[in-house]
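Hi,

Here is the structure I promised to pass on.

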Amino acid sequence: MNKIKNYVENVLQPKLQGDGGWVEFVSFEKGELTLIFRGECSKCLILHRCVEWIEQQIKTDLNKTVKVVAVRKKPYFQDI
């Protein structure tokens, strides 16, 4: 689990930040990776394509097959 968490934080986060997005690791259990998407990602109309890309990147780089569960989270100032 730490390997996947480190991968999310050190490889995927910087790539998404370049487009104004943000991804946070929540959990990895039984092949299911739960991520919170914030910033531009929280309102992206093609988030499903990014999720597929993340699954492919993890398979390619870490040799693990995962299913990503995407949770959209509005910025804190919109939670009111």
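**Starting from Gln13**

Setting aside neighbours within four places in sequence, Gln13 is in contact (heavy atoms within 4.5 Å) with Val8, Trp22, Val23 and Glu24. Gln13 sits in helix H1, where helices are DSSP runs of H or I with at least four residues, strands are E runs of at least two, and both are numbered from the N terminus. With a relative accessible area of 12%, Gln13 is buried; that word means under 20%, exposed means over 50%, and partly exposed is what falls in between, using a 1.4 Å probe and protein chains only.

Before I go on, the ground rules. This is a predicted model, in which local features need pLDDT of at least 70, side-chain atom pairs count only at pLDDT 80 or more, and totals for chains, interfaces and linings use all residues. Residues are numbered from 1 along each chain as its sequence is written, and side-chain values use heavy atoms, with hydrogens and water left out.

**Overall picture**

There are 2 helices and 3 strands in the protein, and along the sequence they come in the order α-β-β-α-β. The radius of gyration, taken over C-alpha atoms, is 12 Å, close to the 12 Å from the globule rule (2.2 Å times the number of residues to the power 0.38) for 80 residues, so the protein is as compact as a globular protein of that length. Along the principal axes, its C-alpha atoms fill a box of roughly 40 × 20 × 20 Å.

Some totals to go with that. Buried residues make up 35% of the 80. Among contacts with a separation of 6 or more, 51% are between residues 24 or more positions apart. The accessible surface is about 5400 Å² (Shrake-Rupley method, 1.4 Å probe), and carbon and sulfur atoms hold 51% of that surface. As for charge, the mean positions of the 13 positive and 10 negative charges lie 2 Å apart. Lys and Arg count as positive there and Asp and Glu as negative, leaving out His and the chain ends; each charge is placed at NZ of Lys, CZ of Arg, CG of Asp or CD of Glu.

**The core**

In soluble globular proteins, nonpolar side chains tend to be buried together. Here the largest nonpolar core has 20 residues, and those touching the most other members are Ile4, Val8, Leu33, Leu35, Phe37 and Ile54. By nonpolar core I mean a set of buried Ala, Val, Leu, Ile, Met, Phe, Trp, Tyr and Cys residues joined through side-chain atoms within 4.5 Å. At least two residues of this core come from each of helix H1 (2-17), strand S1 (21-29), strand S2 (32-39) and helix H2 (47-62). H2 gives the largest share, 6 residues.

Beyond its neighbours within four places in sequence, Val8 contacts Gln13, Val23, Phe25, Leu33 and Leu35. Of these, Phe25 belongs to strand S1 and counts as buried at 15% relative accessibility. Its C-alpha is 14 Å from that of Cys41, 16 residues away in sequence.

Over in helix H2 there is Gln57, buried with a relative accessible area of 19%. Not counting residues up to four places away in sequence, Gln57 touches Tyr7, Lys15 and Leu62.

**Further out**

Lys3, in helix H1, is exposed with a relative accessible area of 55%. Lys3 and Leu62 are 59 residues apart along the chain, yet their C-alpha atoms are separated by 8.4 Å. Ile46, in the loop between S2 and H2, counts as partly exposed at 44% relative accessibility.

Most residues other than glycine have a negative phi. Asn63 is in the loop between H2 and strand S3 (67-72) and counts as exposed at 69% relative accessibility.

Over to you!
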